[in-house]
Amino acid sequence: MPDPVRIGVLGCSAFAVRRMLPAFEAAADTAVVAVASRDLRKAVPLAQRYGCDAVDGYEALLSRPDVDAVYLPLPAALHAEWVGRAMRAGKHVLAEKPLTTSVSTTKQLLREAEDRGLALEENVLFVHHPQHDFAADLFASGAIGELRSFSATFTVPRLRDDDIRHDEALGGGALLDMGVYPVRAALHLLGGPLELIGSALEGESATVDISGAALLRGPNGVLVHVEFGMDHEYRAEYELRGSGGRILVDRAFTPPADWRPVVRLTRHGRTEDIELDPYDQVVAAIGAFAAAVRKGRCAWLECLEQARLLEDIRWSAATRRRRPHTNGANGHHGRTTAVRDSSPRNSTNS
Ligand SMILES: NC(=O)c1ccc[n+]([C@@H]2O[C@H](COP(=O)([O-])OP(=O)(O)OC[C@H]3O[C@@H](n4cnc5c(N)ncnc54)[C@H](OP(=O)(O)O)[C@@H]3O)[C@@H](O)[C@H]2O)c1
């Protein structure tokens with residue numbers, strides 16, 4: 001068994017405290033050696049809880065030689081700066097989603113990681129859960145005939161007004177925070193190419209989008225509908241709709257480790273619930289990151305294509321907003337994603 005990858009955590013974020021730190025502790029191949037905060041008083045109790053060092057400020061953590069890799073759970077707009085700084089300090093990086101707020105910066109950082117021989121991974125956890133392979137295999141077995149459409153939704157209840165997701169300067173908004181999931185699900189389940197047909201973003205305030213939806217065209221003309229929002233009922237699901245039935249995966253994106261996934265198959269007027277074993281996708285994601293650190297590289301095609309699609313969705317929605325009287329008829333954006341075959345079953349890396 002190789003030595004554990006030594007992790008430094010940049011920021012005492014709520015998600016780090018709730019899910020990632022317990023999982024780093026549970027994972028066999030990582031050890032948290034330091035937790036940094038802008039405010040040392042936040043880091044001290046966490047460091048005590050996990051038996052590691054509390055560090056005052058992110059830069060001080062990056063200068064430590066005993067840190068191999070950093071976990072970066074900062075607000076989205078700060079990811080690019082600190083991913084760059086961490087890599088220039090020679091650290092591998094597990095960065096929270098979205099990796100950055102623009103496709104050009106995402107591409108630049110992924111290239112830089114490759115050039116430096118560092119693993120740079122976007123922390124999209126659900127792709128590590130085997131329930132998606134199960135659903136894909138069920139479809140591939142012909143259970144629902146030919147695929148006609150794919151629909152995915154991630155919506156959450158209203159967040160506190162001071163949540164980072166309500167702050168445009170911090171990279172807030174439903175598209176960047178929640179839209180990642182249904183878009184990634186389409187890429188992960190269908191592969192590429194995905195081409196945007198149209199999108200809409202809505203918000204009660206002028207600063208961030210609170211909800212949105214997009215229609216895309218996938219491989220073989222399959223229609224893809226994605227929906228996301230942060231003032232909604234909790235929903236995290238996708239459905240593969242075929243010529244002879246459909247497959248629904250509920251709790252698709254954030255299932256707790258003890259959750260028994262249920263894949264619902266409907267065909268010939270009958271519905272069958274197929275129960276799967278519980279699985280800890282957070283510990284699995286950490287294991288995958290540790291393996292990538294040892295190799296010095298990550299698979300990144302889906303991450304890049306996701307960034308491209310998110311940007312297309314924003315661009316198309318903005319175009320539509322600027323032309324309120326076209327009714328969308330001429331509001332096309334004329335961009336397609338340059339996705340090669342990004343099927344997870346085919347892609348390894350670049
Ligand atoms: N992968 C997943 O399933 C998942 C789930 C939830 C969230 N996330 C991601 O995790 C990231 C953090 O989300 P969260 O809900 O944990 O947010 P949060 O509790 O607000 O944490 C953000 C942290 O960033 C640090 N920070 C640095 N500059 C900041 C600034 N100007 N304003 C606010 N915070 C600042 C703070 O740490 P210090 O004060 O200690 O320095 C703060 O605790 C986001 O990118 C989000 O998308 C991912």
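**Helix α8 and two further helix contacts**

At the start of α8, a side-chain oxygen of D280 comes to within 3.0 Å of the backbone nitrogen of V282. The model is predicted. Helix α8 covers residues 281-295. At 1.5 Å a residue, its 15 residues should span 21 Å. Just after α8, G296 adopts a positive phi of about 80 degrees.

Several residues of α8 are buried. They are Q281, V282, A285, I286, F289, A290, A292 and V293. The buried residues of α8 pack against two kinds of element. The strands are β1 (5-10), β2 (30-37), β4 (69-72), β5 (92-95) and β6 (120-122). The helix is α1.

Helix α1 also packs against α2. Two packed helices are described by the angle between their axes and the distance between the axes. For α1 (residues 14-26) and α2 (residues 40-50), the angle is about 35 degrees and the axes lie 11 Å apart. The crossing of α1 past α2 is right-handed. From α1, the contact involves V17, L21, P22 and E25. From α2, it involves L46, R49 and Y50. Of these contact residues, 5 are nonpolar, 2 are charged and none is polar.

A further site lies in helix α9 (residues 301-322), which contains L310. The relative accessibility of L310 is 5%, so L310 counts as buried, the cut-off being under 20%. L310 touches L175, L176, G179, V180 and V183, leaving aside residues up to four places away in sequence. L310 and P98 are 212 residues apart in sequence, yet their C-alpha atoms are 9.7 Å apart in space.

Definitions and conventions
Residues numbered from 1 in each chain as written. Predicted model: local features only at pLDDT ≥ 70, side-chain atom pairs only at ≥ 80, totals over all residues. Heavy atoms only, no water. Axes fitted to C-alpha atoms, helices over the stretch in contact; angles between N-to-C directions. Helix = DSSP H or I, 4+ residues; strand = E, 2+ residues; numbered from the N terminus. Left-handed = near helix turned anticlockwise from the far one by under 90°. Contact = heavy atoms within 4.5 Å. Nonpolar A, V, L, I, M, F, W, Y, C, P; charged D, E, K, R; others polar. Expected span 1.5 Å × (residues − 1). Buried < 20%, exposed > 50% of the residue type's maximum accessible area, 1.4 Å probe, protein only. Polar contact = N/O pair within 3.5 Å; in protein donor to acceptor, adjacent residues only side chain to side chain.
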